[in-house]
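Okay, everyone, thanks for coming. Let's have the picture up on the screen, and then I'll walk you through a few parts of it.

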Amino acid sequence: AATFGLDKALEQLGLKEINSGTSTGSNNFGSGELIESYSPVDGSLIGKVKSTTKDDYEKVLNTATNAFLDWRSVPAPQRGEMVRQFGERLRELKEPLGKLVSYEMGKSYQEGLGEVQEMIDICDFAVGLSRQLHGLTMHSERPGHRMYEQYHPLGVVGIISAFNFPVAVWAWNTALAWISGDVCVWKPSEKTPLCGVACQNIIAYVLKQNNLPEGISCLINGDYKVGELMTNDKRVPLISATGSIRMGKIVAQAVAARLGKSLLELGGNNAIIVTPDADIKMTVIGAVFGAVGTAGQRCTSTRRLIIHESVYGNVKNAVVDAYKQLRIGNPLDENNHVGPLIDTDAAKIYTDALEKAKEEGGSVLVEGGVLSGDGYESGCYVKPAIVEADNSFNIVQEETFAPILYLLKYSGEVENAIAQQNGVVQGLSSAIMTNNLREAERFLSASGSDCGIANVNIGTSGAEIGGAFGGEKETGGGRESGSDAWKIYMRRQTNTINYTTELPLAQGIKFDL
Ligand code: UN1
């Protein structure tokens with residue numbers, strides 16, 4: 001960990017003590033078993049974090065609930081000022097936090113910095129929103145009456161996030177929740193607990209500077225059992241969960257059983273359609289970054305290329321050639337394109353998926369495999385693979401969180417490609433590469449892509465924070481981040497005010513006493 005300035009980064013993030021396993025950061029009442037965090041980069045132990053017991057959880061919830069009583073009455077623009085300072089602190093700590101993300105999760109340092117940039121961007125967005133959060137005014141059907149709606153803070157927001165975006169997804173939720181007047185309880189992935197503590201340290205510092213209650217941001221640690229304490233808890237009106245479809249179905253049912261709200265960001269099976277009018281050079285950049293970036297561990301990663309038969313050979317050769325240039329290795333070394341998978345279990349899932357693809361009749365164009373030897377000791381580095389396949393293969397229908405790209409062919413009109421693209425249970429991100437206006441508009445129309453994100457001449461990953469982020473079908477239907485995603489963090493109230501001396505009833509009903 002002495003290389004790439006990691007020691008200094010850990011120190012700047014207040015993780016020195018964590019390294020000896022003695023502290024779990026402020027606001028975490030952890031007294032349970034220690035969770036060990038091993039880096040997929042070099043297999044070494046980065047630190048240990050205490051997990052949250054049931055008793056600890058009760059303390060956290062009390063702290064959060066009490067903080068909400070104060071925070072909900074702070075004017076929204078003042079809540080925005082806290083979020084502005086949080087964004088400033090993130091600017092100061094962008095490099096160390098980006099480094100920790102890269103080291104604990106395994107994505108490239110550039111992508112680690114990009115993730116922190118997303119946090120900064122959502123803070124800026126939320127600061128502006130804190131002076132808006134507006135409802136509508138309506139005309140009452142009754143004389144001398146006024147009708148309008150307003151948005152009030154909701155309460156405690158529970159956030160369950162995944163290892164692949166160990167810091168940004170938290171910030172997308174918290175920045176909006178905080179300006180909305182909510183307080184947050186976060187359970188980061190048990191695979192990236194130090195990212196959780198680092199973020200908690202950053203916000204705890206900002207809250208302290210402002211004499212605000214620490215319970216505005218709480219951290220709990222552990223596996224799904226700790227998450228279940230929140231999903232089953234009536235005191236948590238909203239659960240925002242990012243992860244697999246399997247996890248999402250369990251969370252959704254638990255939250256629905258108590259009629260809570262859930263915001264789900266689940267799996268994707270994202271495709272790029274490549275039409276005869278595609279710009280091949282742009283297609284290659286979009287497809288390769290989409291497929292191998294973050295080692296294929298984004299929910300927006302490109303998993304399928306649906307290529308028109310007339311350009312199939314050209315596109316295939318260009319993509320295969322590009323894969324030959326890829327350098328796989330330590331993600332903190334900026335010469336490398338592709339880092340490790342999160343752990344050896346993920347490497348096994350990747351190998352199994354390649355086997356299944358072959359069994360179902362796929363033909364391998366770029367051979368995969370787990371790397372070993374110098375620099376690859378962690379056992380988590382794998383070769384990005386390309387397989388010619390068919391959309392009907394069971395394995396193609398699944399999301400495998402690894403750099404495996406399936407090439408699929410279509411003939412005839414773009415509708416045939418759209419049918420393949422929509423022919424999966426997931427509905428997160430989609431893209432078309434074309435210079436043909438008619439094809440592009442058909443792809444974006446009501447009978448086009450059924451995904452939450454549909455791009456033209458851009459790949460499937462790398463969404464900006466200004467748009468609402470999320471997807472349809474088994475992706476879960478939630479929307480986070482930009483546009484009007486803030487509304488789910490607030491409760492809407494319709495107000496009708498009568499300023500006359502009469503009490504007329506709506507719908508013209510007569511009720512004489
Ligand atoms: C995720 O993979 O969970 O669009 C989020 C993107 C990023 C977010 C991905 N802005 O690739």
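Which residues of H13 are buried? They are Ala-346, Ala-347, Tyr-350, Ala-353, Leu-354 and Ala-357. Before going on, a word on what we're looking at. This is a predicted model, where local features need pLDDT of at least 70, side-chain atom pairs count only at pLDDT 80 or more, and totals for chains, interfaces and linings use all residues. Residues are numbered from 1 along each chain as its sequence is written.

A residue is buried if 20 or more other C-beta atoms lie within 10 Å of its own, exposed if 12 or fewer, and partly exposed in between, with C-beta atoms placed from the backbone. Helices (H or I, at least four residues) and strands (E, at least two) are DSSP runs, numbered from the N terminus.

Back to H13, then. An α-helix has 3.6 residues a turn, so residues three or four places apart point the same way. On the face of H13 turned away from the buried side you find Asp-345 and Glu-359, which are exposed. The cover over the buried residues includes strand S13 (385–388), helix H14 (394–397) and strand S14 (404–410). Just after H13 comes Gly-361, with a positive phi of about 105 degrees.

Now look at H4, residues 76–92. It has 17 residues and runs 25 Å from first C-alpha to last, close to the 24 Å expected at 1.5 Å a residue; the expected span is 1.5 Å times one less than the number of residues. Its buried residues are Arg-79, Gly-80, Met-82, Val-83, Phe-86, Gly-87 and Leu-90. They sit on the same side of H4, because they cover an arc of only 155 degrees around the axis. Gln-78, Arg-91 and Glu-92 are exposed on the face turned away from that side. What do the buried residues of H4 pack against? Four helices are listed: H5 (94–105), H6 (109–129), H7 (168–179) and H8 (193–209).

Next, Glu-265. UniProt, in an unreviewed entry, annotates Glu-265 as "active site"; such annotations may be inferred rather than shown by experiment, and UniProt positions are given in the numbering used here, with feature names shortened. Glu-265 lies in strand S9 (residues 261–265). Is Glu-265 buried or exposed? Glu-265 is buried, because 29 other C-beta atoms lie within 10 Å. Leaving aside neighbours within four places in sequence, its contacts (C-beta atoms, placed from the backbone, within 7 Å) are Thr-242, Cys-299, Gly-470, Gly-476, Gly-478 and Glu-480.

There's a ligand as well. Among the residues surrounding the ligand are Thr-242, Cys-299, Glu-118 and Asn-164; a residue is near a molecule if its C-beta atom, placed from the backbone, lies within 6 Å of it.

For contrast, take Glu-141, in the loop between strand S3 (137–138) and strand S4 (145–153). Glu-141 counts as exposed, because there are 11 C-beta neighbours inside 10 Å. How far apart are the C-alpha atoms of Glu-141 and Ala-402? They are separated by 58 Å, and the two residues are 261 residues apart along the chain.

That's my tour, thanks!

Terms used: The arc is that of the directions from the helix axis to the C-beta atoms. Two residues are in contact if their C-beta atoms, placed from the backbone, lie within 7 Å.
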